[in-house]
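I opened this notebook to keep track of what I looked up, one topic at a time. The entries begin with the whole chain and then turn to single places in it.

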Amino acid sequence: MSKFEIKMPKLGESITEGTIISWSVKVGDTINEDDVLFEVNTAKVSAEIPSPVAGKILEILFQEGDTVAVGTVVAVVQLEDEDGESKDAAPAAEKKEEPATPAKAEEKAAPAAAPAEPTVSAPATKNSGDRWYSPVVLGKARDAKIDKDELDAIPGSGYEGRLSKRDIEKYIDNKKKGISASDAKPKSAAAEKPAAATASHSQTNDAPKSAVPVAVADGDTVIAMDPIRKIIADRMTSSKKISPHVTNVIEVDVTKLVKWREENKDAFKKREGISLTYMSPIVEATAKALKDFPRVNSSVDGYNIIEKKRINVGVAVSLNNGNLIVPVVKDADKLSISGIAASVNSLANKARANKLMPDEIQGGTFTITNFGSFKSLFGTPIINQPEVAILGVGIIEKKPSIVETPEGDVIAIRHKMYLSLSYDHRVIDGMLGGNFLYRIAEYLENWG
């Protein structure tokens, strides 16, 4: 009887480990495909991990509260046979043995190897020619007269592209309706290969050495960084090493924008059920400017500049624990102001409730961070790799300003704000950075 290894999945860009919050199964339990096995918490999201196979829980290798590296086997499932039954596991297999320390392991003589049962590891991708399918999926494919080539071409939404029971059922249903696989391709973050992480903290939890020794005096409090703060620390340090940062600042007259919001916010709230904040028009103006200056919507790969086709704007959200996360408004240039507002509101609420899905924090091409929420005039934000620029938004204030009129210059009260753009000087020079920032200002100054 073969076994299947359940591994800690990668639930987001730069995620290298996850903490097991709770197990929904125990050794000896019989499970079905897609039954929830455990809940995992990472630096970015919490998620319930379903079983990719049906069978019997043979081993659970980590306990609740353990932090486990991505790709590490956390449990072993004894697969069902063709009749849907699991053979009884050897009693000894259910007992987790304490691993020997390296020193003792070297002193021990290796015992005679016993014949091992075949172990099925993580499924291969569909192009490898060695894709793994559960008996349930194979049975449904056989009943629907789907051959192996057609089966291999069906996109899967499971971990590492695994084809689940839901996927094959949906494919068969769509096939009957005449919908092609490409039109019905599932949009699963788990199946989507995340972008390479620019930095991650060590899985051994070794802290980076301080350049200057730090003395701890009596009465000082030493606070260990939580997982999110570790990733923020590593990524910010890495970004400053990767990208030569330059920051431009511009003052913007947003009087028309403020007036427009005051005139429309009540009707908008009644119609859409959400508040109309300044972030929505800022995202829209930024998306338009990115379309005008596609070089800013890019990444760097060695000596290659990759201009991104999609405009996916990340909006930094402060969490209740003081940390930060950047959910992404996908295809922001194609959304109406109502669509942007709904997306920003939904993502912010999910972020603060720790309910973001992996797909909602991946794929960003440009980031906006709002210093104005904390009454700051402006800041010099650090680029969110692998992007090449980030926009900082300051507080909107009333200021006396000289305004040109047909009757001459007058001093008037205007609503002003500062925008700051930090950009990667490897690919964005002062002219491009300045023009891009001024274009955002133009869209906001002429709003309405």
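The entries below follow the order in which I looked things up.

**Entry 1: the chain as a whole.** I note at the outset that this is a predicted model, and I read every value below as computed from it. I looked up the secondary structure and found ten helices and 20 strands in the chain. Of its 448 residues, 42% count as buried. I then turned to contacts between residues at least 6 apart in sequence, and of these 66% join residues at least 24 apart.

**Entry 2: the cavity.** How many cavities of 30 Å³ or more does a search of the whole structure find? The search returns one, and I recorded a volume of about 30 Å³ for the largest cavity. Rolling a probe the size of a water molecule over the atoms shows where empty space is left. I listed the residues that line the largest cavity as Val-315, Val-317, Pro-327, Val-329, Val-344, Leu-347 and Ala-348. Helix 9, which spans residues 337-352, supplies the largest share of this lining, with three residues. Sorted by class, the lining consists of seven nonpolar residues, with no polar and no charged ones.

Entry 3: Asp-331 is not a glycine, yet it has a positive phi of about 50°. Is Asp-331 buried or exposed? Its relative accessibility is 19%, and because the cut-off for buried is under 20%, Asp-331 counts as buried. I also looked up Asp-34, which lies in the loop between strand 3 (30-31) and strand 4 (36-41). Asp-34 likewise has a positive phi, of about 80°, although it is not a glycine, and with a relative accessible area of 15% it is buried.

**Entry 4: a cis peptide bond.** I kept this next to the previous entry, since most residues other than glycine have a negative phi, and most peptide bonds are trans. The bond joining Gln-385 and Pro-386 is cis, with omega at about 5°. I placed Pro-386 in the loop between strand 17 (366-370) and strand 18 (389-393).

Entry 5: I looked up strand 11 (residues 298-301) and strand 12 (residues 304-307), which run antiparallel and are joined by four bridges. Which residue in strand 12 is the bridge partner of Val-300? I found that Val-300 is partnered by Ile-305. Two residues lie between the strands of this hairpin, and Gly-302 takes a positive phi near 65° there. I then turned to strand 19 (residues 397-405) and strand 20 (residues 408-424), which pair in the antiparallel sense over nine bridges. Strand 19 and strand 20 form a hairpin with two residues between them, and the partner of Lys-399 in strand 20 is Arg-414.

**Entry 6: Arg-261.** Arg-261 counts as buried, because its relative accessibility is 18%.

Terms used:
Residues numbered from 1 in each chain as written. Predicted model: local features only at pLDDT ≥ 70, side-chain atom pairs only at ≥ 80, totals over all residues. Heavy atoms only, no water. Buried < 20%, exposed > 50% of the residue type's maximum accessible area, 1.4 Å probe, protein only. Pairing = 2+ DSSP bridges. 1 Å grid on protein atoms, 1.4 Å probe; cavity = no way out; pocket = protein on both sides within 12 Å on 5 of 7 lines; lining within 4 Å. Points joined across faces, edges and corners; volume = space filled by probe spheres on them. Nonpolar A, V, L, I, M, F, W, Y, C, P; charged D, E, K, R; others polar. Contact = heavy atoms within 4.5 Å.
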